[in-house]
Structure formats: C-alpha cells, structure tokens
Amino acid sequence: MPLAQSGRMNYLILIAVIILAGLSQGMLLPVLSILLEQKGVSSSLNGLNAAALYVGSFAMTLIAERVLGAIGFKKLIASGLALVLVSLLLFPLLTGVKVWFVLRLLVGIGDSAVNYAAQLWVLLMTPAEHRGRNLSLYGMSYGLGFSLGPLGISLLRFGQPAPFLITALLFVIVLLIVGFKLKDSRPEAMDHSEGQASRFGRSYRLAWYALIPALLYGYMEASLNSSFPVYGLRIGFSADQIAALLPFAGIGGLLLQLPLGIWSDRHGRKAILIAAGTGGGLAFTLLPLAGDHFLLTLLLLMVAGGLVGSFFSLGLSYAADILPRKLLPAANVVASFHYSLGSIAGPGIGGLLLQFGWGGSVFAVMGGLYIVFGLAGLLFSPRKTI
C-alpha cells in the first residue's frame with residue numbers, strides 16, 4: 001500500500017486544503033482587479049496591489065521552517081487557513097487600496113503557510129516509489145482550485161460580498177475538518193549545531209538542479225499571465241481570443257501533471273526534467289513564429305504548459321530523492337523562496353522586454369531558460385548523503 005490508512009486520510013485532507021488554497025488565490029486575483037478597476041484605480045496601482053500576495057508569501061518562507069518546527073504541521077495549516085478566512089471576511093467590510101493591500105499581504109502569508117506545511121508533509125509521508133505520482137496529484141489539486149477560482153467573478157452579480165462569503169464558508173468547512181480529523185505530526189528535529197544558512201547552503205550544493213524548477217515555474221506562470229495579454233493584443237488577437245487562449249497553458253499542465261509524475265517514478269526524475277524542460281522550452285521559443293494563428297498558438301501554449309506545468313512538484317520530488325530527510329524542510333523553504341522570486345521577477349522582466357524589444361522576446365527568453373536548464377541536467381550528478 002502506498003500509504004497507511006491514517007496516512008491516506010491525512011493525504012486526502014491535505015488535498016482538500018490545497019484545492020482551497022488555490023481557489024482563494026484564483027478567486028482573489030481577478031475579482032479584486034475587477035473591483036479596483038471599477039473604482040477607477042490605475043492599472044499600475046492595481047498590479048502593485050496584486051503583488052502584495054506574493055510579498056506576503058515571500059515573507060512567510062523566511063520563517064516557515066522554524067514556525068513549523070515549533071508548532072507542527074496541523075497547527076501551521078490551521079493557522080494559515082484561519083488567517084485567510086479572517087481576511088476574506090474583512091474584504092467586503094474594509095474597502096480601499098491600502099486596506100486591501102494589507103489584506104492581500106495576510107492572504108499571501110496564510111496561503112504560504114498552508115502550502116509549505118502541506119507540500120512538505122506529503123513529501124515526508126510518501127514512499128519514494130510513489131513520490132512523483134502523489135506530488136503530481138498534489139500539484140493538480142492546486143491547479144484545479146486555481147482554475148475554479150475565477151468563477152467567483154460570476155458571483156459578483158449577487159453583490160460584492162458574495163464571492164468572499166462563499167469562499168469563506170468553504171474555508172470554515174475545511175478548517176473544521178482539519179481541526180477534528182487531521183492527525184498531527186512534526187518534522188524530524190533540526191540539528192541546531194548547523195545554522196539555517198548552512199542548511200540552505202547544503203541543500204543548494206546537493207540538489208541545485210532539483211531546486212531551480214520552482215524558480216522557472218514561478219517565472220513562467222507570472223510572466224505568461226501578465227505578458228501574454230499585452231503581446232496578444234499587439235500582434236492582433238482580440239481580448240476574447242486572449243481570454244480563450246491563456247487557460248490552455250494550465251489545461252496542458254493539468255493533463256500532463258499526473259503522467260509526468262508517474263513516468264518520473266519509473267524512469268527517473270532527472271530524465272523527465274531534462275526532457276520536459278527542453279521540450280517545453282522549444283515550444284515557448286516557437287510561440288512567436290505562430291503569429292496570430294489561433295489554433296497553432298493554442299497548441300504551442302498547451303504543449304509548453306503541459307511539459308513545464310509539473311516543474312514545481314517534479315523538482316520537489318527530485319529534491320526528496322537526493323537530500324537526507326532532515327534537509328527537506330530547508331529545501332522546501334528554498335523552493336518556496338524560488339517560486340516567490342520567480343513570480344515577482346517574471347512580470348517585471350516581461351514588461352521590460354515588451355517595452356524595449358521585440359514582443360516575441362518574452363517567450364524566446366522564457367524558452368531559452370528552460371532549454372538551458374534541460375542541458376544543465378547533463379552536468380548534474382546527484383550525491384545522496386545521510
């Protein structure tokens with residue numbers, strides 16, 4: 001059996017938790033952007049307000065390892081859920097750009113706490129032979145929640161508080177399940193003779209190739225969502241065509257996430273990362289050549305998103321294969337840090353490329369990064385330690 005009965009129950013609850021974390025982010029990003037736009041807030045300030053979520057997530061990664069060691073998995077997950085719940089209830093009551101910036105910051109902290117604890121727990125409870133599959137299901141669950149989140153836009157017809165209150169109700173239900181059904185656990189005690197910076201350094205030294213995918217995934221996700229709409233309008237796509245095209249990168253990721261995870265269990269994580277990175281990079285590089293051809297652009301987005309959409313979970317799985325268990329909390333922090341850094345850097349770099357260069361350079365650079373990563377795998381030789 002891949003997981004014991006109690007472990008299976010924990011895993012199912014963690015899946016529900018991560019679907020909800022993805023749902024909250026997927027709902028807040030478009031709903032708050034629409035509400036701020038309706039209030040006459042400038043697009044630049046609107047975007048800056050949205051970045052608060054990633055700033056909060058980034059801040060949480062700096063202390064997540066120590067907080068988890070102090071209070072354990074269950075309390076950290078419950079605390080994160082409670083923080084997001086309170087923030088959701090306050091959004092309709094406290095309006096304004098500054099207040100919503102603070103509330104988004106708190107949501108980022110809460111979601112980051114939930115994500116960090118849940119993904120590390122899944123890593124630690126899963127046997128190596130099923131790690132790719134289980135982490136892929138975990139990644140699919142977050143992607144599913146994030147994809148369902150924008151449905152909150154349709155709830156605005158029932159009043160501005162509706163999407164926040166419905167999402168908050170779901171958080172109450174899951175928080176109760178966590179409180180009464182989730183069994184508590186703690187990571188192995190840290191060796192305090194080795195400082196936090198030293199643990200991060202060892203993680204990089206032993207598993208740098210497994211930790212880079214989180215950076216590339218964050219960069220790709222944020223850059224694609226922010227830059228493709230501008231690029232599409234400039235080459236002649238309509239707003240409706242862009243809205244129809246953009247989800248296909250995520251759809252490709254959902255379709256290939258589980259197969260790639262299973263193949264990584266069978267054929268090795270490194271081989272799958274090299275193949276997926278190189279193939280996805282080529283698809284992104286070819287994207288500008290499709291011009292305004294709708295179906296060809298759709299196909300390339302789907303292939304590229306499908307191949308690299310598993311990078312975060314595959315990278316974590318590979319890190320768990322390579323590193324000793326006591327270094328996994330530190331490696332998880334590094335991966336979350338990388339994801340946040342990539343998410344912050346992606347829109348800025350993409351915006352500069354669009355402003356000063358050929359529009360297609362956004363995807364040429366993105367594809368080039370993935371191809372370089374794939375080739376770098378040929379130089380990486382993991383060294384398992386205890």
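This is a predicted model: local features need pLDDT of at least 70, side-chain atom pairs count only at pLDDT 80 or more; totals for chains, interfaces and linings use all residues.

Modeller: What follows starts with the chain as a whole, turns to the paired charges, and ends with some helices for comparison.

Across the protein chain the mean pLDDT is 86, and 93% of the residues reach 70 or more. Among the elements, helix α5 (residues 73-90) has the highest mean, 96, while helix α2 (residues 43-50) has the lowest, 68.

The chain is built with 17 helices and zero strands. Its radius of gyration is 20 Å, close to the 21 Å that the globule rule gives for 386 residues, so the chain is as compact as a globular protein of that length. Along the principal axes, its C-alpha atoms fill a box of roughly 55 × 50 × 35 Å, and 51% of the 386 residues are buried.

Now to the part you asked about. In general, side chains of opposite charge can pair when their charged atoms come close. Searching the whole structure gives three salt bridges, and a network of such bridges links Arg131, Asp265, Arg269 and Asp321.

One of these bridges joins the side chains of Arg131 and Asp321, with 2.5 Å from N to O. Arg131 belongs to helix α7 (residues 131-148) and Asp321 to helix α15 (residues 311-322), so this pair ties together parts that are 190 residues apart in sequence. Arg131 has a relative accessible area of 10% and is therefore buried, whereas Asp321, at 25%, counts as partly exposed.

Asp321 also meets the side chain of Arg269 in a salt bridge, here with 2.9 Å from N to O. That pair again links distant parts of the chain, since Arg269 lies in helix α13 (residues 269-286) and Asp321 in helix α15, 52 residues apart. Arg269 is buried, its relative accessible area being 5%.

Arg269 in turn forms a salt bridge with Asp265, and the closest N and O atoms of that pair are 2.6 Å apart. Asp265 has a relative accessible area of 24%, which makes Asp265 partly exposed.

For comparison, consider a nonpolar stretch of surface. Ile166, Leu169, Leu170, Val172, Ile173, Leu176, Ile177 and Phe180 form a nonpolar patch there, with about 740 Å² of accessible area together. One of them, Leu170, is found in helix α9 (residues 162-181) and counts as partly exposed at 36% relative accessibility. Helix α9 has 20 residues and reaches 29 Å from its first C-alpha to its last, close to the 28 Å expected. Its buried residues include Phe164, Thr167, Ala168, Phe171, Val174 and Val178. As a general point, an α-helix has 3.6 residues a turn, so residues three or four places apart point the same way.

Another helix to set beside these is α17 (residues 361-376), whose 16 residues reach 22 Å from first C-alpha to last, close to the expected 22 Å. Among its buried residues are Val362, Phe363, Met366, Tyr370 and Phe373. Finally, Leu48 in helix α2 is exposed, with a relative accessible area of 52%, and its C-alpha atom is separated by 21 Å from that of Phe164, 116 residues away along the chain.

Key:
Residues are numbered from 1 along each chain as its sequence is written. Side-chain values use heavy atoms; hydrogens and water are left out. Patches are made of residues with over 30% relative accessible area and no salt bridge: like charges are joined within 9 Å, nonpolar side chains (Val, Leu, Ile, Met, Phe, Trp, Tyr) within 5 Å. Accessible areas come from the Shrake-Rupley method with a 1.4 Å probe; for residues, only the protein chains shown count as cover. A salt bridge is a side-chain nitrogen of Lys or Arg within 4 Å of a carboxyl oxygen of Asp or Glu. Helices (H or I, at least four residues) and strands (E, at least two) are DSSP runs, numbered from the N terminus. Buried means under 20% relative accessible area, exposed over 50%, partly exposed in between (1.4 Å probe, protein chains only). The expected span of a helix is 1.5 Å times one less than its number of residues. pLDDT is the predictor's confidence in each residue, from 0 to 100. The radius of gyration is taken over C-alpha atoms; the globule rule is 2.2 Å times the number of residues to the power 0.38.
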